[in-house]
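I opened my notebook and looked up a few things in this structure, one entry at a time. Here is what I wrote down.

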Amino acid sequence: EELAKSRPRLHPLLGRFGNLDQVLEDAGVNAADGIVLDIGVSSFQLDEDARGFSFLRDGPLDMRMGQTGPTAADIVNTWSESDLSQLIRALGEERQAKRIARAIVRRRNETPFTNTLDLADVIEDAVGGRRGQRSHPATLTFQALRMLVNDELGELAKALKASERLLKPGGRLVIVCFHSLEDRIVKTFM
């Protein structure tokens, strides 16, 4: 609303990064002077307990940025221990992935996971508590689940290809990312 008052040169559009072509086409745009991609989760999403992104406040174990597709609960309640371990290690870069996956499977055999704090507590117990760490022990596991649920790396790759087609000569592409896997994809693309 504030941007609209000042007749801006910036026009924010809502959509998935991987659908960048379609989002712009729907807005009547076939080329862009600049594209800004802010990769990952926003504080707005973290602050909404009902979205299920945060391990600090209780909410449903969801983590979907949109409201379609499998939830984080679907993954932790159905994937094999081996698959969970690989996921947590690959996307979370978590060194204790096997221990965490084992604890998740052991606990879900008693009661399926439905909320964020329940999963966070199991992860914290699995790695032996916080032991003076600045970040919560569930940080990397939650990150891995969120990245998978939203196909964040796939969305980034599709957006990069689309941006190359959409940018006008001399156009600018700005990408804000916070994770080494995203950073690697962007650097390779550039």
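Entry: I started with R102, which makes a salt bridge with E81, the closest N and O atoms being 3.7 Å apart. I count a salt bridge when a side-chain nitrogen of Lys or Arg is within 4 Å of a carboxyl oxygen of Asp or Glu. R102 sits in helix α6 (residues 97-110) and E81 in helix α5 (residues 81-92), so this pair ties together parts that are 21 residues apart in sequence. Helices here are DSSP runs of H or I with at least four residues, strands are runs of E with at least two, and both are numbered from the N terminus. R102 is partly exposed at 39% relative accessible area, and E81 is partly exposed too, at 32%. My cut-offs: buried is under 20% relative accessible area, exposed is over 50%, and partly exposed is in between (1.4 Å probe, protein chains only).

**Entry: ground rules.** I noted that this is a predicted model, where local features need pLDDT of at least 70 and side-chain atom pairs count only at pLDDT 80 or more, while totals for chains, interfaces and linings use all residues. Residues are numbered from 1 along each chain as its sequence is written, and side-chain values use heavy atoms, with hydrogens and water left out.

**Entry: other salt bridges.** How many salt bridges are there by this rule? I got 9. As a reminder to myself, side chains of opposite charge can pair when their charged atoms come close.

K168 pairs with D33, with 3.4 Å between the closest N and O atoms. K168 belongs to strand β2 (residues 167-176) and D33 to strand β1 (residues 32-38), so the bridge ties together parts 135 residues apart in sequence. K168 is partly exposed at 36%, while D33 is exposed at 54%.

D62 and R64 also meet in a salt bridge, at 2.7 Å from N to O. Are these two buried or exposed? D62 is buried at 9% relative accessibility, and R64 is buried at 13%. I also found R16, E155 and K158 linked in a network of salt bridges.

Entry: M63 isn't a glycine, yet its phi is positive, about 75°. I found M63 in the loop between α3 (43-47) and α4 (72-78), and it is buried, with a relative accessible area of 0%. E93 is another residue other than glycine with a positive phi, near 50°. E93 lies in the loop between α5 and α6, and at 37% relative accessibility it counts as partly exposed.

**Entry: helix α10.** Which residues of α10 (residues 180-189) are buried? I listed L181, E182 and V186. Seen down the axis of α10, the buried residues fall within an arc of 135° (taken from the directions from the helix axis to the C-beta atoms), so they line one face of the helix. From my notes on helices: an α-helix has 3.6 residues a turn, so residues three or four places apart point the same way. The face of α10 turned away from the buried side carries the exposed residues K187 and T188. The buried residues of α10 pack against α5, α8 (139-149), α9 and β2, where contact means heavy atoms within 4.5 Å.

**Entry: the largest pocket.** I looked up its volume, which is about 1400 Å³. Of the 36 residues lining this pocket, P12, L13, F17, V36 and L37 are the closest to its centre. A pocket is found on a 1 Å grid over the protein atoms alone, as an open set of points where a 1.4 Å probe fits, with protein on both sides within 12 Å along at least five of seven lines; lining residues have an atom within 4 Å of a point. β1 gives the most to the lining, with 7 residues. α2 (20-26), β1, α9 (152-166) and β2 each supply at least two residues.

**Entry: the whole chain.** I counted 10 helices and 2 strands in the protein chain. Of its 190 residues, 39% are buried. The C-alpha atoms fill a box of roughly 55 × 35 × 35 Å, taken along the principal axes. Among contacts between residues at least 6 apart in sequence, 61% join residues at least 24 apart.

Methods:
Grid points are joined across faces, edges and corners, and a volume is the space filled by probe spheres set on the points.
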